[in-house]
Amino acid sequence: MYAFPIFFARKGKRLQEEGETILDILKSAIDWFIGLGGTYFVPIVMLIIGLSCRAGFKTSITSSLLIGIGLTGLNLITDFSVQAMQPVTKELSSRLNADFSIVDIGYGSVTAAWSWPGVPWVILGIVLVNIIMVSLKLTNTLWVDMWNIWHGQALGVMFWAFSGNLWLGILVGVGTLVLSMFLADFHAKKFQEFNKLDGVTVPAPSATFPATFAFFMMKIINVIPGLNRVKASSADLKEKFGLLGENSVIGALLGIIIGLVAGISITEIIQLAIKLAAILVILPAMLQFVADGILPITANLSTFMKERFKGRELNIAVDPVMLLSDPSVMSTVVIMYPIAIFISAFLPGNNFLPVASLAALPYWIGGMAPYTKGNIIYNVLLTTLWIIPTTLVATNLAALTTGAAELTNILNGSVAKDVLVSCWDEGGNLLLWVLVKISEFTGIGGI
């Protein structure tokens, strides 16, 4: 009479135990995979995506290895830039009676972005949301630019560091990318017309956020008497500057100027000049390795997705480097290098001196230029106005950037435990600052 209940009870218990065992194994496997670090598990994820979208075995392998090489290089240059600038910023702080104790890690935030447990969930989340929205005709942006998902990942890991809640971090990461997808739709026509690009758009927040800022600012500039009539044609000042337009020379000059202001020895100035020249040359090269690795996979993913949405005029997501073709962009970048350093050095309330982060300038300006129509005066004005709040936010959110770096172990002991690190992109993200302030007000979390 009691045999059947006992039998089913025992069987149910055994199934429950087996289920828990399977979950434990799955969790251990995921923890091990994430534990490899973003430098190593991201190439594996991209290899799987490449094979899934029929990119071919050879292309998938070589592209994945390029991505791994680029991320490894970013790790190395991040450590190098921190070690180069940490002692100098201390001297600058003393000489200028200021506090530049926050160390600039530049695009070190990329490594943190690809090294946290939320990585696969943010990728899966934005891909699924994009497919659903394209299917429902809520967006015309086909997000196949897998590399620039890192922007959402960066905000996600920082919000995880802030709230202590992994799923909130994932939600912020996906939400940031969804917002930028809508902005990409909004800016697509401008991006296409100004850069003579058909059928593409740029959803990366490093372009869409500054572009949105430029859209509103140009509305104001266009009604200010005098300012609205300023003429400044797009001239390639990089060619006009000749030697002074080269990244290596700019880096060396920055090293000399910073060294002189800091009051360090001639030997240290020479060393700093060479180090900063190396940073400004090697950092873009490492980013290019990653972009070169992702591009073939992205191209095949684009074809794969278009086959499933036949008859739709979709804009393919591309890297913001596509917005740098107009001469006014790099001309403005050259002008803004010294202006950015000057603003940051004397900005009240700022404890962060950007050096490695200067690499973000081209992408910001590339997003703004379609709205300024390549007017260099407007480019300089808008970039200057953008730098001020971004730099202050980078200071304000330095604890989050540091927390994300510690959670992902990207610094590997290269800075002391009590030293804060930050960066412009995405450490100075205004959206994240707003989310953090709202969260602090509502009591969601904090560090």
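Residues are numbered from 1 along each chain as its sequence is written. Because the model is predicted, local features need pLDDT of at least 70 and side-chain atom pairs count only at pLDDT 80 or more, while totals for chains, interfaces and linings use all residues, and side-chain values use heavy atoms, with hydrogens and water left out.

**Cavities and their lining**

A search of the whole structure finds 3 cavities of 30 Å³ or more, a cavity being a set of points, on a 1 Å grid over the protein atoms alone, where a 1.4 Å probe fits but cannot get out. The largest cavity has a volume of about 110 Å³, where volume is the space filled by probe spheres set on the points, and grid points are joined across faces, edges and corners. Its lining consists of 13 residues, of which Phe209, Trp364, Trp386, Glu426 and Asn429 lie nearest the centre of the cavity; a lining residue has an atom within 4 Å of a point. Helix H8 (205-221) and helix H14 (376-396) are the elements that give two or more residues to this lining, and H8 gives the most, with 4 residues. Helices (H or I, at least four residues) and strands (E, at least two) are DSSP runs, numbered from the N terminus.

The C-alpha atoms of Ala214 and Asn379 are 9.0 Å apart in space, although the two residues are 165 apart in sequence.

Glu426, one of the residues nearest the centre of the largest cavity, lies in the loop between strand S5 (421-422) and H16. A cis peptide bond with omega of about 10° joins Asp425 and Glu426.

**Side chains that contact backbone oxygens**

A polar side-chain atom of Thr391 lies 2.8 Å from the backbone oxygen of Ile387. In the other case, a polar side-chain atom of Ser115 lies 2.4 Å from the backbone oxygen of Thr111. Ser115 is found in the loop between helix H4 (108-113) and helix H5 (119-135) and counts as buried at 11% relative accessibility.

**Loop residues**

Ile102 lies in the loop between helix H3 (57-95) and strand S1 (103-104) and is buried, with 4% relative accessibility. Its C-alpha atom is separated by 9.2 Å from that of Cys423, 321 residues away along the chain.

Most residues other than glycine have a negative phi, and most peptide bonds are trans.

**Surface and charge**

Leu253, Ile256, Ile257, Leu260 and Val261 make a nonpolar surface patch of about 410 Å². Patches are made of residues with over 30% relative accessible area and no salt bridge, with like charges joined within 9 Å and nonpolar side chains (Val, Leu, Ile, Met, Phe, Trp, Tyr) within 5 Å; accessible areas come from the Shrake-Rupley method with a 1.4 Å probe, and for residues only the protein chains shown count as cover. Leu260, which belongs to helix H10 (residues 247-262), is exposed, with a relative accessible area of 53%.

The structure holds 1 salt bridge, defined as a side-chain nitrogen of Lys or Arg within 4 Å of a carboxyl oxygen of Asp or Glu. Side chains of opposite charge can pair when their charged atoms come close. Here the side chains of Glu440 and Lys437 meet at 3.6 Å, N to O, and because these residues are 3 apart in helix H16 (residues 430-442), they are separated by about one helical turn. Glu440 is partly exposed at 44% relative accessible area, and Lys437 is partly exposed at 31%.

Conventions. Buried < 20%, exposed > 50% of the residue type's maximum accessible area, 1.4 Å probe, protein only. Polar contact = N/O pair within 3.5 Å; in protein donor to acceptor, adjacent residues only side chain to side chain. 1 Å grid on protein atoms, 1.4 Å probe; cavity = no way out; pocket = protein on both sides within 12 Å on 5 of 7 lines; lining within 4 Å.
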